[in-house]
Structures are given as C-alpha cells and as structure tokens.
Amino acid sequence: MSESVKTLPAPSPVEATGQTLSWRDFLELTKPRVVALMILTSVIGMLLAMPGVPDWTVLVLGNLGIALLAGAAAVVNHVVDQKVDTVMARTRKRPVATGRIAPMDALIFAATLAAVGMLVLMLWINHLTAWLTLASLVGYAGVYTLFLKRATPQNIVIGGLAGAMPPLLGWTAVTGQIEGHALLLVLIIFAWTPPHFWALAIHRKEEYAKAGIPMLPVTHGNSYTELHILLYTLMLLAVSLLPFVTGMSGGIYLIGALILGLRFVHYAIRLLKGDDRRVALNTFKYSITYLMTLFVVILVDHFVFF
Ligand code: HEM
Ligand SMILES: CC(C)=CCC/C(C)=C/CC/C(C)=C/COP(=O)(O)OP(=O)(O)O
C-alpha cells in the first residue's frame, strides 16, 4: 500500500454514507413536531397567566428561548441514543444513527441552541424562566435519556415531568412567579404522558425489546401496560377537571375536558379488551389530538370568560 493512501484522512460521516448533509437533518434532530406541541402549551400558559394578551416581546422571545432549549435537549437525546436508535426501525434513519451527522457536530449544535436560548431568556424574559427551562433540558436529556430510559420501566413517568413543564415556563415568562394554576397545567401533561407513550411502546414493543430498553410492555407485558394506560387516562380525566373545580376555567372547558377525556378512556378500554397493535397506534395518535385540543379549549374558554 502506498504512503499517500495510508495518510488519507478518514472519510467524514457524509462521505461514509454517500448522502448530502442538509439543514433538514439538523432540523430533524430538534424533534420539531414534539417541540411545536410543547410551544403550543407554553403559548397557552402565557395567555392564561393574565387577563388580556402579554406583550409581544414576551410571546415571541419567551417561546423562542423555550423552543431553542427544548430543541437542544432533543439533539442531545439523538446523540446519547445513537446506538439504540440504529436498532429500532422507527428511529434507524435518524441523522446521528445513520452517521449523516457526527455526534460531536450534533453536540456543538445542541450547545449553540442551548446557549442562545439561555441568553434570550436571561436577557429578555427572566432568570426564573431561564433556570426552569434549563432544568427541563437537563431533566429530559440527562435524567431521562441518559439514566432513567435504560434503568426502569417507570422511566417516562418520572422523565415525563420535563416534557410537562412548558405551560409553567410560559406562565413564569409572563408573571415571573410559579403559581398554582400553572402547576395544574403541568399536572395535566404529567398524567397524559404515560398513556401517550405506553400506547406507542405497545405498538413498538418488539423493537424496544431488541434494543434492550426496559419499557413497560417489554418488562411487564401488554395486559399490565394496558391496565396502567386505563388507570392513567382515568386519572387524567379527573386531573383535567381541576381547572374548572378551582375556578380557573368555565363551562366550555368543562364540557370539552369531559368529551375529550371520556374519548381517551374509551380508547384505553378498547385497548385493554382487544390488545391490538392497531388500536395501540390509534390511541397514541389520539393522545396528541387530545392534548392539542384540550389546550385550545382551555384558551377559548379563557377568552370567552374574560
Ligand atoms: C418523557 C415524555 C415523553 C415521551 C417518552 C414521549 C415519547 C414519544 C415518542 C417515542 C414519540 C414518537 C416519535 C417518533 O414518531 O419518532 C412521540 C411523538 C410525539 N410526542 Fe411525545 N413523548 C413524551 C412527551 C411529550 C410531550 C410533553 C409532548 C408535547 C407536549 C409530546 C408530543 C409529541 C408529539 C406531537 C409527537 C408526534 C411527533 C411526530 O409526529 O413526529 N410528547 N413521543
Ligand atoms: C426544555 C424542555 C421543555 C425540554 C423538553 C425536551 C423534549 C424535546 C422532550 C421530548 C419528550 C420526548 C419526545 C421523549 C421521547 O424520547 P425517547 O428517547 O423515549 O423517544 P425516541 O425513541 O423517539 O427518541
């Protein structure tokens, strides 16, 4: 072998896969659809925090900062999960899993997003929101992804708290303080996360087993998971009534929460009866419609009553 061949630099991940790197790959790393729903909940947290509409700078810069930090957390998730993601069909085409983006480049991207996000929140919003958002990033990227996900089938119950934070972050961006009504919104998403995720985990059980991730259907079976999905949807139904019970929201919200919640319970009962992968996927999809609609309804109710 000639000297010149020996000293050739190692191919970059792009050369290695023969694919062109695009901004779409970087966008994909930030889990934009998940972050979009989070931002919907933080916008609504902002709009519920006070009568009237907050200053546009808080709306724009507050959500920008929160989105940047949430996106950064998602990028770190891709790096930490690089090996796991290559094993599962749902995730194996991800930019870091395929090698289209090198882990170090992804980490530099995450650090940049996080630094700009923290600056925006520190300079234009308030320190409380900045630190709470950073804590959510650490909760998802560090505590959940690095540790809990691999350690216990209760991973998403505890880790779900990080994803539930955006309405509180929106609220503190406007008021500068943590208040009970904002915590109710967090509690709703906290109770929603297990049925949201376990429905998908049933649908993808074999992949999680192959990847060695102890998700509840893998460790305890489908029936046990389906029972817990039902129990959490019942708890969610109860918790979702608290904004009405505490006087935060009115009749429109009550009716909306009941219809949406009972439908979720109906899905959970069908899942328990049928143990069907297709029902599991539909339950997962409905969970997203549920959360989006519930937050829109609470907002509509707020503006009708004020
Ligand atoms: C630790 C808590 C959570 C876990 C473990 C979890 C898990 C997942 C998983 C595995 C997916 C599938 C992603 C894919 O299709 O590749 C997903 C999708 C989704 N999640 Fe969650 N999730 C959590 C919290 C949240 C929260 C708090 C929100 C929003 C408020 C959210 C919104 C969504 C949305 C919108 C999708 C659909 C994304 C798409 O269509 O690509 N999730 N979730
Ligand atoms: C600052 C802030 C609000 C942070 C929240 C960050 C955030 C994007 C949370 C997302 C929750 C989520 C999609 C978990 C799935 O992870 P997974 O690893 O179980 O799923 P995967 O297999 O699809 O990667």
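## A helix on the inside

Let us begin with α5, a helix of 25 residues that stretches 36 Å from its first C-alpha to its last. That is close to the 36 Å expected at 1.5 Å a residue. Keep in mind as you read that this is a predicted model.

How many of the 25 residues of α5 are buried? The count is 18, so α5 is largely enclosed by the rest of the structure.

## The overall picture

Now step back and look at the protein chain as a whole. It has 18 helices and zero strands. Its C-alpha atoms fill a box of roughly 80 × 50 × 30 Å along the principal axes. For 306 residues, a compact globule would have a radius of gyration near 19 Å, and the 21 Å of this chain agrees with that.

Of the 306 residues, 44% count as buried. The contacts tell you about the fold too: among those between residues at least 6 apart in sequence, 74% join residues at least 24 apart.

Helix α8 covers residues 103-124. Its 22 residues reach 31 Å from the first C-alpha to the last, close to the 32 Å expected at 1.5 Å a residue. Its buried residues are Ala106, Phe109, Ala110, Leu113, Ala114, Gly117, Val120 and Leu121. Seen down the axis of α8, these buried residues fall within an arc of 130°, so they line one face of the helix.

What covers the buried residues of α8? The cover includes α3, α5, α7 (95-98) and α9. On the other side of α8, Met104, Ile108 and Leu123 are exposed. The C-alpha atoms of leucine 119 and glycine 65 are separated by 8.0 Å, although the two residues are 54 apart along the chain.

## Two residues to look up

Is aspartate 85 buried or exposed? It is buried, with 21 other C-beta atoms within 10 Å. You will find aspartate 85 in helix α6, which spans residues 82-87. Leaving out residues up to four places away in sequence, aspartate 85 touches His78, Thr91, Arg92, Arg94 and Ala97. Threonine 98 is 13 residues away from aspartate 85 along the chain, and their C-alpha atoms are separated by 9.0 Å.

Next, find lysine 31 in the loop between α3 (23-29) and α4. Most residues other than glycine have a negative phi. Lysine 31 has a positive phi of about 50° although it is not a glycine. With 18 C-beta neighbours inside 10 Å, lysine 31 counts as partly exposed. Leucine 187 is 156 residues away from lysine 31 along the chain, and 23 Å separates their C-alpha atoms.

## Around the two ligands

Which residues are closest to ligand 1? They are Arg33, Val34, Leu37, Gly160 and Gly163, out of 19 residues that surround it. The elements giving two or more residues to this shell are α4 (32-48), α10 (155-164), α12 (180-203) and α18 (277-305). By type, the shell around ligand 1 divides into eleven nonpolar, six polar and two charged residues.

Ligand 2 has 21 residues around it, and Ala70, Ala73, Ala74, Ser136 and Tyr140 come nearest. At least two residues of this shell come from each of α4, α5 (56-80), α9 (127-151) and α10. Which element gives the most to the shell around ligand 2? That is α9, with six residues. The residues of the shell around ligand 2 divide into twelve nonpolar, six polar and three charged. Notice that α5, the helix that opened this report, is one of the elements that supply residues to the shell around ligand 2.

Definitions and conventions
Residues are numbered from 1 along each chain as its sequence is written. Chains are lettered from A and ligands numbered from 1 in the order in which they are written. This is a predicted model: local features need pLDDT of at least 70, side-chain atom pairs count only at pLDDT 80 or more; totals for chains, interfaces and linings use all residues. A residue is near a molecule or strand if its C-beta atom, placed from the backbone, lies within 6 Å of it. Helices (H or I, at least four residues) and strands (E, at least two) are DSSP runs, numbered from the N terminus. Ala, Val, Leu, Ile, Met, Phe, Trp, Tyr, Cys and Pro count as nonpolar, Asp, Glu, Lys and Arg as charged, and the others, Gly among them, as polar. The radius of gyration is taken over C-alpha atoms; the globule rule is 2.2 Å times the number of residues to the power 0.38. A residue is buried if 20 or more other C-beta atoms lie within 10 Å of its own, exposed if 12 or fewer, and partly exposed in between; C-beta atoms are placed from the backbone. Two residues are in contact if their C-beta atoms, placed from the backbone, lie within 7 Å. The expected span of a helix is 1.5 Å times one less than its number of residues. The arc is that of the directions from the helix axis to the C-beta atoms.
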